[in-house]
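Student: I would like to learn how to read a model of this kind, feature by feature. Could we work through some examples?

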Amino acid sequence: MPFQQLKESDGLIETQLPSHMQRIEFDKLQLSSVYDDKYVEGTILMKYPSHELGTGEKAFKMVLEESTTRQPMSNLSTINTFVFGKLVDDCEHTLKQGDKVVLSKFLVRKSASASKDGRHVLQLELSEETGATVFVYAKSMKEPTAAHNVNLPIIERSKIRMHDYTYIPLNKVKGGITVNVYGVVKFFKPPYHSKGTDFCSTVTIVDPSNARLNCVLFSGNVDLLPKIHKMGDVVRFHRIKIQEFNKELQAINAPGFSALTFDGTPGAPLKPRTTSKSYQFTSTDQRTVEELRKWASADPSIHKPTIRLSEVKPAEYFDLTCQLIAKAEVDRSAVLLKVWDGTQCPHPLWQVPVDASALEGDPADIHRLRTLAVDVLVYDNHIGAANLLKVGMYLTIHNLHAKLITPTTEKPSISLDPVPEMGFHLHGGTSYGRGITIMPADCSAVQQLKQSLESALSADQDSLGDLSLLDILNTSKRPSASEATSAARIERCQQESATVLTAHQHIRTTPIQEILDQSPPQKYRIRAKLVNYEPRALHQSVKLYCPKCCSLQEIPNDDDIDTVLQGLYSPGSAAVDPDVRSHDAAWYKTAMWEAEGERQRRITVHLVRTGEEQSVPEHSTILVEGMSLNDLYRLSERFGRVIPTSSRTKCLSLNDLSIPFLIEDRKWHYGCKNCSDPQPVNVLQSLSQSGTWESSAIAKVLGVQLLSYVFVMKFTFDDGSGSLDAFLWNEAEGFFGISAADIMIDDVLQGKLTRIMDTLCPSRTNPDNGPWLECCVKSYYAGDGSEQKTYYQIFDTVVAETEDI
């Protein structure tokens, strides 16, 4: 019951209270939510008459003096206490000055008058909405007639007296009064730390009276502020004070403030998000909420369309409702959130460089959703909120910025310029409602999100994310030549074409002109002729690719390599230390050779010792310095592994990564300058003991990020309805059935590639002479923000086996 009487004959106060309750002294009070298991004890020093608020409900104030040995009337021994609503009817005529009272389930807020009256800086607030209870303890006390019903059960007393709240339309509010209002959220900022110790929430509400009201609400506890999730939510505010600010009316939370928030979606459950443990919600309130939902749903300025990742445009600011699948601290200034909403962004995505071990989240989920998840960088004042998030939570990130980022290093690109990548940023500050809201699993926005997530997971895994250029670059499994051959034989029975599909035979053939009229991302099956391809010099179609930083570069030509070698080993070069050149080491033997045809130049060769001395040069590993380009060619034909080195210091070291760091079985291996951390060559001693001399092992020990060989080509198709350029990228090895690395050293494979392209595109002047090609292509956007272009890429297609190829 909200009011109870304690009697002296029943013993001490502590023995008459619930056993779980503990006393808290005035100086221990803090800004907080309802104190469920605490109570305060004091004597009524002063009691003021009750008065009616602008809302029509009653309130009264009293001053409590704590019952302690502390000196009376100190600033911590007296505290202002406010009683609201139905509780006033129970206590107004019963409590008297001098009574000893015990209060429980109260709110603690800042006192607005502490600087004037010299009392406690905090104040207590009690109402039926907090479930507050007042216990009065007196030596001799007769129950007043006016309070004859105080010991009745609360349900019975509610039949005797029920307070009806009065709500004011927003066009009727005036300065200087305290009111109750209903409204629809037109704008809001999620709670944030103010300049002081409080949290602040800014809310703008509207109603059918065509008025609007800006509310600035403060609290020391974020849980006491309205729980607003999105524009269009319906709110009910009790006891807000109207004041004038900058010649406009503004609402602030008055003593006893409370709030209910409802999902603004028509038909959503009428389950309020509340700041109180108890509240009154009648059938009249229900009708009010439903009417406001209906009114607001017809106003597009309130219910703006939801933007999903598949609809995001460059330079756009938007609210994203999503699920968190991983997070990591990037540095002190930013936190990374990996999120998804079940749709795929059509733009190449910028990926935040962070070590996988730093990610908090299930590695299996991170890998499975890698093509659907986007990286969001959270900055400045939002870092605290981001650090509190748990993987799996549903979020709305407000005022998220979709920004195109041009790579600073050369990236794999289908055009002459680097392809801009889309990054997502939650900038600092609170402008435009910027912030993060944790969404409950039962709200309508999350229910819609869950449907999207479930649909994406149940869809064909192949369609989850093959439209992203970065995903294509990271694809590790390519069809082998034997798999492509098998698929070709099956497909050849179904169609006459110079190429066949390894999947997606169920997709209908789409005319090129129809494809050109549609927006990405899409997947198509085409039947057309190849009228042109680039580069025409086929050796230029092979590039070097770094799987770590996704950079793409040309293979160095002989002249460039020779120039670097001449600079390294020219007379007087600092790359040579005679003490190192002429001495054996524990793990290699050193020999000096005269360069062929050059008496004044010598080559230093260090033959690596292994567990079993290799008498066959083809199985040996040598470290060589002082060589020319011709020397490298001759040595790589004789020895199994050649590692060019220099003796700049007292130990051997690798050369500039502009030249190969390893030649193995005539294959020239290069390292990425951006991602490598070259180590002294002496670290190879560990391999001489283990006997593992594969290129990947050598690169790892030397701290070199190994570059791989890839095809990059552009095909121009024509089917009579239109012309389309499509790029053959990481799946090119499966398309041709040829390894990009092998083709650099094998004349037979080079001839095979030439014959394939001559068969697919026999004449640039007469395209009708060429065969029909069956291909799968997919579309996606790329651009610099000012102009977005559509590009196409070939996938799941291989060249058919014919006797001519």
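Student: Let me start with a single residue. In which loop is Cys546 found?

Tutor: To place a residue, look at the elements on either side. Cys546 is in the loop that runs between strand S25 (542-545) and strand S26 (552-553). Bear in mind throughout that this is a predicted model.

Student: Is Cys546 buried or exposed?

Tutor: The cut-off for buried is under 20% relative accessible area. Cys546 has a relative accessible area of 0%, so Cys546 is buried.

Student: What does Cys546 touch, leaving out residues up to four places away in sequence?

Tutor: Its contacts are Ser551, Cys672, Cys675, Gln705 and Leu707. Cys546 and Leu706 are 160 residues apart in sequence, yet their C-alpha atoms are 7.1 Å apart in space.

Student: Where else does a residue other than glycine have a positive phi?

Tutor: Asn210 is a case, with phi at about 65°. Asn210 sits in the loop between strand S12 (199-206) and strand S13 (212-219).

Student: Which glycine takes a positive phi just after H16?

Tutor: Gly703 does, at about 75°. As for helix H16 itself (residues 695-702), its buried residues are Ser695, Ala697, Ile698, Ala699 and Leu702.

Student: How do I read the packing of two helices, and at what angle do H12 and H14 cross?

Tutor: Read the axis distance and the crossing angle together. The axes of helix H12 (residues 558-568) and helix H14 (residues 629-638) come within 9 Å and cross at roughly 105°. H12 and H14 are therefore roughly perpendicular to each other.

Student: Which residues make the contact of H12 with H14?

Tutor: From H12 they are Asp558, Ile561, Asp562 and Leu565, and from H14 they are Leu629, Leu632 and Tyr633. Sorted by class, the contact holds five nonpolar, no polar and two charged residues.

Student: Next, charged side chains. Is Arg109 buried or exposed?

Tutor: Arg109 is found in strand S8 (residues 107-110). With a relative accessibility of 10%, Arg109 counts as buried.

Student: Which side chain forms a polar contact with that of Arg109?

Tutor: The side chain of Glu125 does, at 2.9 Å. Glu125 is one of the residues that Arg109 touches beyond four places in sequence; others include Leu31, Val121, Ser219, Asn253 and Phe257.

Student: What lies 3.2 Å from a polar atom of the side chain of Lys529?

Tutor: The backbone oxygen of Gly770 does. Lys529 is placed in strand S24 (residues 522-534). Lys529 is buried, with a relative accessible area of 13%.

Student: Which peptide bonds are cis?

Tutor: Look at omega. The bond from Pro520 to Pro521 is cis, with omega near -5°, and so is the bond from Glu534 to Pro535, with omega near 0°. Pro521 is found in the loop between helix H11 (512-516) and S24, while Pro535 lies in the loop between S24 and S25.

Student: Finally, the chain as a whole. How many helices and strands does the chain have?

Tutor: There are 19 helices and 39 strands. The chain has 805 residues, of which 50% count as buried. Among contacts with a separation of 6 or more, 66% join residues 24 or more positions apart.

Student: What is the mean pLDDT of the chain?

Tutor: The mean is 80, and 81% of the residues reach 70 or more.

Terms used: Residues numbered from 1 in each chain as written. Heavy atoms only, no water. Axes fitted to C-alpha atoms, helices over the stretch in contact; angles between N-to-C directions. Helix = DSSP H or I, 4+ residues; strand = E, 2+ residues; numbered from the N terminus. Parallel < 35°, antiparallel > 145°, perpendicular 65-115°, else oblique. Contact = heavy atoms within 4.5 Å. Nonpolar A, V, L, I, M, F, W, Y, C, P; charged D, E, K, R; others polar. pLDDT = per-residue confidence, 0-100. Buried < 20%, exposed > 50% of the residue type's maximum accessible area, 1.4 Å probe, protein only. Polar contact = N/O pair within 3.5 Å; in protein donor to acceptor, adjacent residues only side chain to side chain.
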